[in-house]
Amino acid sequence: MAQGVWSAPFDHKPNGPEVHPASDSLPGANPGHWITENIWPIQTPGQRFRTVHTCLIPSGPFRGCLLVWDGNLTLIGTRAYQPWAIVDPYWPSPNPFVAGGGSGYRFHNATLQMPPGQGELFCAGQRWVSDGRLFVAGGTRVYPASSTPGLPPVSTGMTGMWEGAKLVYQWDPATSAGFPFGRWWQMADLDVERWYPTVSDEGSGTDRFMILGGTDFDGMSQMPVVNTYESYRVVANALTPQLAAIDQKAGAPPPPPTARQYQGLIYTLTFPQPVGPVPVPAFTDYPRIHALGVLDPISGGQFAPRQFVSGFWGKGFRWAHDPSTNPTYATDVGQELVDSRIDYSTNILQPAGVGAIGTRVVRIGGSRATTAGVIGPEDRVESVVAGTGPSTWSSGTPNDIPDMVNPRVFASVVMLPTGDWVAVGGFDGSNFVLEPELLTDGAPVWRAMAPHTSPRQYHACSVLLPDGRVMVCGGEARTSDYEIWSPSYLQVSPTRRPANIGLADALTFAPVSQTMFAGVTYGQTCIASWSNPLPAGVEVSQAVLIAPAALTHHDDGGQRLVRLLTYNDDDVEPPYTYVKVRMPTTIRHAPPGWYMLFLVTNERVPSMAFWVNLR
């Protein structure tokens, strides 16, 4: 079978027939604020949009498209307008996940006017809210400037330093007059300026997020780590009165658009193990963090969700977070790597078996450095069970997950519906890595896939699309902005792939809606059906939920694959045209929110996704 097929690469366009006529980038609209001139690295002068933040939209009129925004790596400082866009990866074909096929345009270019002096959303953190809004926190308030005119802002000759932003925004996918591509709402500021923070689910199922770590130079000569995290509950905005009603049902009055709960609760953690002569802070740039489905004891005989940090640096530790109690902190791993730091690895929560709660964290690639010197990019794949007692990272054979073929830093790893992992892009210390590698679920080795055309290294992203393809974009040394990879499971006859997936309650047979404020509940049993009779010997053998991506800087802490119980009644004879699937039973198995439901055959061929809102 083929090793996958890449689409023809394409670039982000500011105007032309591919661009929606309401775009800010068109002549006579707002073109001067749309794209800035990129000169780092030095490129041909002109307007060029770089995709740095990439989020797969789970609901609304642009479902299945990508919400993206860029960075302003220029000499002119922070912009008054943040360029952002919606990219349709199915164009020129209709969007199969939107009624009517979507807008019919590949690019929907827009601008967000930023509050004066407060910065922009480059190098923020983000996470999808359970109802389909996007929560974004932090960013860049001050860019450094070069002391030499015409030179890029690199460390040599730099005047000033990077400074973080306190910005908090939510993007609502609902469209309205004057907001044809959805609307951004500014929320209450963070307590602390944060450049490169991570946003993580708090684990309680109440749309509370933690904003963790980051840095903020603030004009200093050394990197000051923001060694704290904040608890923030996302609230309703003026476009979503239904959400206010939900808050009322919970016994609380509807909050104003910029209200924040748990204001002022900010926590500091310090990793107790020394790295060289000084202690290491718990949080650094984009800390790799997972909210595990495990409850740890806190004061008063209560329990709180366990959080686990597995980097940015080479360590691991856990703590129990509760918004009203100081966190209970415990060292977990990192004992044999106390002199190491690992930059820009991709860290994922390994999928657990059917009905089980995932507690194994895997760290893939990255660049390792020790007090003895820089080791550089690695092919190493390490994992750890983030348990209740001290553990250690394991790599190679004891890990049961093989090391990659190629060393990679600045790569990203995507989980496919089959349970396979694909590592895309990166740099091996000397060259750009153009061959992706695929690890088949349970296989002993990674296998090289068909190479992509453009380098995909720093500031590149890779995202699973709901049709089963993988879209890659961005990168500072790129020769194209976007490419799409079709895995080999899409190179089969359409008759061997379940089509036109439907979902209904197993008791009432009521169809499950893919609209907001509908969906499935924890523990619900559903009938998942398909329209095409599968060939003899081909049957649906598993069903999985996969969370939509919200990715930047090569890591998506919200990436999650949940295996569902799948079965047929004893009195049903083949050929089957449906299976019964049972949704996760608790928020410990999967946080509430939007997921892509894929049905996968015994030939490891997935259907297109059916979107479900788990609540």
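Mentor: This is a predicted model, and its confidence is lowest in helix H2 (residues 241-249), at a mean of 40, and highest in strand E2 (residues 53-56), at 98. For the chain, the mean pLDDT is 83, with 81% of its residues at 70 or more.

Trainee: What makes residues 147-159 a stretch to treat with caution, and how many contacts does this stretch have beyond near neighbours in sequence?

Mentor: The pLDDT over residues 147-159 is below 50, and the stretch has 24 contacts in the model beyond near neighbours in sequence. Residues 271-278 also have a pLDDT below 50, with 22 such contacts. Where pLDDT is low, the predicted coordinates should not be read in detail.

Trainee: Why is Asp467 called buried?

Mentor: The cut-off for buried is under 20% relative accessible area. Asp467 has 10% relative accessibility and therefore counts as buried. Its place is in the loop between strand E34 (460-464) and strand E35 (470-474).

Trainee: Which residues does Asp467 touch, leaving aside those up to four places away in sequence?

Mentor: Asp467 touches Tyr90, Phe97, Leu490, Arg497 and Met608.

Trainee: What joins E20 to strand E21 (residues 316-322)?

Mentor: Four bridges join E20 to E21, and these strands run antiparallel. Against the threshold of at least two bridges, they too count as paired. Ala320 in E21 is the bridge partner of Arg306.

Trainee: What makes strand E20 (residues 303-309) mostly covered?

Mentor: Six of the seven residues of E20 are buried.

Trainee: How many cavities of 30 Å³ or more does the structure hold, and what volume has the largest cavity?

Mentor: There are six cavities of 30 Å³ or more, and the largest has a volume of about 330 Å³. Of the 26 residues lining the largest cavity, Arg127, Trp128, Ala547, Gly558 and Pro591 are the closest to its centre. Strands E6 (120-128), E13 (198-201), E19 (289-297) and E43 (593-601) each give two or more residues to this lining.

Trainee: How is the lining of the largest cavity divided by class?

Mentor: The lining of the largest cavity has 14 nonpolar, seven polar and five charged residues.

Note on methods:
Residues are numbered from 1 along each chain as its sequence is written. This is a predicted model: local features need pLDDT of at least 70, side-chain atom pairs count only at pLDDT 80 or more; totals for chains, interfaces and linings use all residues. Side-chain values use heavy atoms; hydrogens and water are left out. On a 1 Å grid over the protein atoms alone, a cavity is a set of points where a 1.4 Å probe fits but cannot get out, and a pocket is an open set with protein on both sides within 12 Å along at least five of seven lines; lining residues have an atom within 4 Å of a point. Grid points are joined across faces, edges and corners, and a volume is the space filled by probe spheres set on the points. Ala, Val, Leu, Ile, Met, Phe, Trp, Tyr, Cys and Pro count as nonpolar, Asp, Glu, Lys and Arg as charged, and the others, Gly among them, as polar. pLDDT is the predictor's confidence in each residue, from 0 to 100. Contact means heavy atoms within 4.5 Å. Buried means under 20% relative accessible area, exposed over 50%, partly exposed in between (1.4 Å probe, protein chains only).
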